[in-house]
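Dear colleague,

I am passing on a structure for your records, together with a short account of its aromatic contacts. Please look through the sequence and model below before reading on.

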Amino acid sequence: MIDICLLGTCGMMPLPGRWLSSALVRCGPALTLFDCGEGTQIPWKSLGWGFRQVGAICLSHMHADHVAGLPGVLFMIAHAGRTEPLDIYGPVGTQYVVDGLRRIAAELPFPIHIHELKGGEQFELPGGLQASCAPATHGIPCLAYRADLARRPEFQAEKARALDLPVQLWSRLQHGETLTHDGRRITPAQVLGPPRRGISFAYITDTRPTEVLNELARDVDLLICESMYDQAEDLPLARANAHMLATESAGIAKAANAQALVLTHFSPKISNPSFAEKAARTVFAKTRAAHDGMVITLDFD
Ligand SMILES: [Zn+2]
Ligand SMILES: [Zn+2]
C-alpha cells in the first residue's frame with residue numbers, strides 16, 4: 001500500500017491557504033518527499049506523519065518553488081532525531097544548490113547523499129519502492145519521477161502441502177528464499193502463484209508534454225501532474241513558460257493509459273481549481289483537482 005499526501009498545490013509562490021506543490025509518500029513506515037518549496041514543513045507538520053522516517057527527497061528542478069523549503073525541512077528532520085543517511089535526488093545542478101542552501105543548515109545529525117540524475121536512471125526509494133526518472137522540458141534541467149511497488153506472488157499452500165513442507169518454512173519461501181528440506185532443494189517458484197500486478201505512481205511537474213513523459217507514466221495507477229494553466233487561451237503562455245494546460249496534463253494521462261490523474265501546481269491566478277478539473281475531464285475523465293492535504297491511498301487489487 002502507498003499513501004500519498006499532496007502537501008501543497010500552488011505553483012510559483014505560496015498563497016494564504018495554499019502551500020507550494022509537493023507530495024509526501026508513505027510506504028510502510030518509510031517516507032519520501034517529492035519537491036520542497038518554501039514552507040513545506042508546515043503542511044507536513046499538520047499531517048502528522050512525522051519527519052524522522054523520511055529517507056529520500058526527490059527534487060524535480062532547482063526553481064525556488066521546488067527547493068527553497070529545504071533548510072527548514074532538514075532542521076525538522078534533525079529535530080525529530082534522525083541519524084540515518086538521507087538521500088537527495090535531483091537533476092544536474094542539485095549539488096550546487098543544496099550546498100548553497102546547506103550554508104544555513106550546516107549542522108545536521110545525519111549524512112546527506114546527493115545523487116544527480118540525467119533521466120533514465122533507476123534507483124531504490126525507502127519502503128521498497130523502485131524509482132525511475134525521465135527528463136522533463138522546462139528550460140533548465142528538470143526530472144519527472146515514477147515509483148513502483150512490486151507485489152509478491154500469492155503463496156499456494158496446497159503446493160507446499162503436496163511437497164510435505166512444514167509450515168515453519170513457508171514464509172521463507174514466500175519471501176523468495178530457496179531452501180533445502182529432507183535433502184531436497186525447494187525453490188519459491190514451486191509454491192508461489194503467477195506474477196501479480198504491483199502499484200505505481202508518477203510525479204510530473206514543470207514541463208511541456210512529451211512522448212518521454214507518456215512512457216514514464218505508462219499504466220500507472222496514479223499520475224500526479226502539474227496544471228499551471230486552466231484556459232485554452234493560455235497555451236502561448238504555457239509554451240513560453242514551459243508549463244502545461246490542464247488539458248495537456250490530461251493528454252499525458254490518456255496517452256499513458258493511467259488509471260487516474262490528480263492535478264496540482266496551479267498558477268496563483270487560478271482561484272478555483274475545479275475549472276482545471278472540468279477542462280481536463282474533457283480529455284481524461286478520471287481527473288481530480290488536488291487540494292492541500294489531500295491523501296490518496298493506492299492499494300493492491
Ligand atoms: Zn514550479
Ligand atoms: Zn519551474
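Is F34 buried or exposed? F34 is buried, with a relative accessible area of 1%; buried means under 20% relative accessible area, exposed over 50% and partly exposed in between, with a 1.4 Å probe and protein chains only.

The model is predicted, so local features need pLDDT of at least 70 and side-chain atom pairs pLDDT 80 or more, while totals for chains, interfaces and linings use all residues. Residues are numbered from 1 along each chain as written, chains are lettered from A and ligands numbered from 1 in the order written, and side-chain values use heavy atoms, without hydrogens and water.

Rings of Phe, Tyr and Trp (its six-membered ring) pair if their centres lie within 6.5 Å; planes under 30 degrees apart are stacked, over 60 edge-to-face and the rest tilted. The count comes to seven aromatic pairs. One of them joins F34 and Y145 edge-to-face, at 5.8 Å centre to centre and 70° between the planes. This pair links distant parts of the chain, 111 residues apart: F34 lies in strand 3 (residues 30–34) and Y145 in strand 9 (residues 143–151). Strands are DSSP runs (E, at least two residues), numbered from the N terminus. Y145 is also buried, at 1% relative accessibility.

Y145 forms a further edge-to-face pair with F123, at 6.4 Å and 85°. F123, in strand 7 (residues 122–125), is 22 residues from Y145, and counts as buried at 10% relative accessibility.

F34, Y89, F123, Y145, F201 and Y203 form one aromatic cluster.

With kind regards

Note on methods. Helices (H or I, at least four residues) and strands (E, at least two) are DSSP runs, numbered from the N terminus.
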